[in-house]
Amino acid sequence: MNWRAIFVLVVLGAVAVFGWRWYAQAYRPGAIVEPGEVQYVLAIGDSLTAGVGNDNVSRYWPEILAEKLGASGAVRLAHQGDTASQALGRWEVQLRGRRWKDNDPDWQPDLVVICLGGNDVRRGTGRSALEHDLNRWAEALKPLDVPVLLVAVPGGVLGPLDVYSGLWEEVARRHGMYEMDSQALRRVFTNRDMTVDGIHMNQAGQDFFAEQVHRRVTGRGR
């Protein structure tokens, strides 16, 4: 075997090793963060994160998640009705300036959980268009240099076929983020005791979803 062949094998081996490490980081079944590592949680989303006026909720899932993690608190960047693109436009000033709380400019998250795409699905946004907007979010969050959990949204709530299946996983893999599958939200949407209208979570739904996100973050579930 000549030196060129050896060189090619070495390069291919290195690519395989580092590629697997990157893939494992995004999809390893273990913890995303270790106990005591998270002081602040940043939650980005639509009404599933912001809540609605008639939900009778006293504590939303980001705050419950922060408490479960032993963190000091959470900030919600969320607005009812936002698509992935609208949300990015709404919060781009905060994203660029890294100023999450006006009264505490030094506040910085240690973990980001982003749950977007439900309104895109509801409005029939094409898969490629939603993928484009989720990619834009991933790029916008990269300068934070903290773990990002991308929560998948069920695309087949109103029918048996989910044309968005695997989309959030693909985006997470591409950008080295973590992904949580849509099963937790499917369980919420199909349990009348967890919602006020079949979608938006009441307190029982908030508690349940916070626990499912906590299980994913701590490595006890997908």
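## Helix α9

Helices (H or I, at least four residues) and strands (E, at least two) are DSSP runs, numbered from the N terminus. Welcome to a predicted model, where local features need pLDDT of at least 70, side-chain atom pairs count only at pLDDT 80 or more, and totals for chains, interfaces and linings use all residues. Residues are numbered from 1 along each chain as its sequence is written, and side-chain values use heavy atoms, with hydrogens and water left out.

Let us start with α9, which covers residues 203-217. Its 15 residues reach 21 Å from first C-alpha to last, close to the expected 21 Å (1.5 Å times one less than the number of residues). Of these 15 residues, 11 are buried, so α9 is largely enclosed by the rest of the structure; buried means under 20% relative accessible area, with a 1.4 Å probe and protein chains only. Among the buried ones are Phe208, Phe209 and Val213.

At the start of α9, a side-chain oxygen of Asn202 comes to within 3.1 Å of the backbone nitrogen of Ala204. After the helix comes Gly219, with a positive phi near 85°.

## Two aromatic pairs

The structure holds 2 aromatic pairs. Rings of Phe, Tyr and Trp (its six-membered ring) pair if their centres lie within 6.5 Å; planes under 30 degrees apart count as stacked, over 60 as edge-to-face and the rest as tilted.

The rings of Tyr40 and Trp107 have centres 5.0 Å apart and planes at 40°, so this pair is tilted. Tyr40 sits in strand β1 and Trp107 in the loop between α4 and β3, so the pair ties together parts 67 residues apart in sequence. Both Tyr40 and Trp107 are buried.

In the pair of Trp61 and Phe209, the ring centres are 5.3 Å apart and the planes at 90°, so it is edge-to-face. Because Trp61 belongs to helix α3 and Phe209 to helix α9, this pair links parts 148 residues apart in sequence. Trp61 is buried at 0% relative accessible area, and Phe209 is buried at 1%.

## The nonpolar core

A nonpolar core is a set of buried Ala, Val, Leu, Ile, Met, Phe, Trp, Tyr and Cys residues joined through side-chain atoms within 4.5 Å. The largest one has 63 residues, and those touching the most other members include Ile44, Leu141 and Phe209. Helix α6 gives the most to this core, with 6 residues.

Leaving out residues up to four places away in sequence, Leu141 touches Ile44, Leu95, Val112, Ile114 and Val148 (contact means heavy atoms within 4.5 Å).

Methods. Buried means under 20% relative accessible area, exposed over 50%, partly exposed in between (1.4 Å probe, protein chains only). A polar contact is a pair of N or O atoms within 3.5 Å; within protein, one must be able to donate a hydrogen and the other to accept it, and residues adjacent in sequence count only if both atoms are side-chain atoms.
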